[in-house]
Amino acid sequence: SPPGMYALVGAAASLGGMARITVSLAVILVEATGNTQYSLPVLFAVMTSKAVGDRFNHGIYDVHIHLKKMPLLEDPTRVSLCDEVVSSIMAQDVQSLQPAESHARLYSILQTSHNAFPLVNSKGSLLGLISRNALLQLSSSSNPEPINLTPFSNLGAYSIRESATVRRAYDLFRSMGLRHLPVVTVDNTLCGILTRKDFLEHCASCTEC
């Protein structure tokens, strides 16, 4: 009936504008109600409500992500990235580890709030990354001997040159789902590290400019 159709289309438009869901929402509503004859009106309603909503504000999920201060990297077309190099925004006080470390050193570095630590050799060259969870498990060992961290590290971790652009690093973070990105010099010497928070602070400063 027309009242039922208006109710269904209105509900679809409301949900589409709030959550910014389009095709999947239309399919769910049509399948749940069994009114396949209303497929086109429902699809048109959710597409229109999303387009109108995007013109004015963010969806409810994006709003909650910002409220919880979660470091989500948005689409590069929706953020402001200045024409700067990676070395200008990276964190330089990097807590790194050697391939073999004592329990005391692991306990000391676990007092920091970082979630991953670069592994370097005696010359400072990057070897890989080791996660905080791996260090927590290794530090619980009762063996007093120095711990070999190499088997528990990601030796194929991504890295980027200090002369690379911020946009290139941003694209690498988004495409590979990274949380940490070591920054190295031409000879692969560790000189800094990038996290998602560094990008968010950079985007905020570029927006203010």
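Visitor: Which residues touch the most other members of the largest nonpolar core?

Guide: A nonpolar core is a set of buried Ala, Val, Leu, Ile, Met, Phe, Trp, Tyr and Cys residues joined through side-chain atoms within 4.5 Å. Buried means under 20% relative accessible area, with exposed being over 50% and partly exposed in between (1.4 Å probe, protein chains only). Here the largest core has 19 residues, and Leu181, Leu194 and Phe199 touch the most other members. Please note that this is a predicted model, in which local features need pLDDT of at least 70 and side-chain atom pairs count only at pLDDT 80 or more, while totals for chains, interfaces and linings use all residues. Residues are numbered from 1 along each chain as its sequence is written, and side-chain values use heavy atoms, with hydrogens and water left out.

Visitor: Which elements give two or more residues to this core?

Guide: Helices (H or I, at least four residues) and strands (E, at least two) are DSSP runs, numbered from the N terminus. Two or more residues come from each of helix H7 (166–176), strand E6 (180–184), strand E7 (190–195) and helix H8 (196–208). H7 provides the largest share, 5 residues.

Visitor: With which residues is leucine 194 in contact?

Guide: Contact means heavy atoms within 4.5 Å. Neighbours within four places in sequence aside, the contacts of leucine 194 include Val86, Ile89, Met90, Phe173, Leu181 and Phe199.

Visitor: Is valine 120 buried or exposed?

Guide: Valine 120, in strand E2, has a relative accessible area of 4% and is therefore buried. Among its contacts, beyond four places in sequence, are Leu97, Pro99, Ser125 and Leu190.

Visitor: Where is serine 125, and why does it count as buried?

Guide: Serine 125 is in the loop between strand E2 (116–120) and strand E3 (126–131). Serine 125 counts as buried because its relative accessibility is 17%. Residues up to four places away not counted, serine 125 touches Leu119, Val120, Asp187, Asn188 and Thr189.

Visitor: How is the packing of two helices described?

Guide: The description uses the angle between their axes and the distance between the axes. Axes are lines fitted to C-alpha atoms, for helices over the stretch in contact, and angles run from 0 to 180 degrees between N-to-C directions. Helix H1 (residues 2–19) and helix H3 (residues 39–56) pack at about 30 degrees, with axes 8 Å apart. Angles under 35 degrees count as roughly parallel, over 145 as roughly antiparallel, 65 to 115 as roughly perpendicular and the rest as oblique. H1 and H3 are therefore roughly parallel. Their contact involves, among others, Leu8 and Ala12 of H1 and Val42 and Ala45 of H3.
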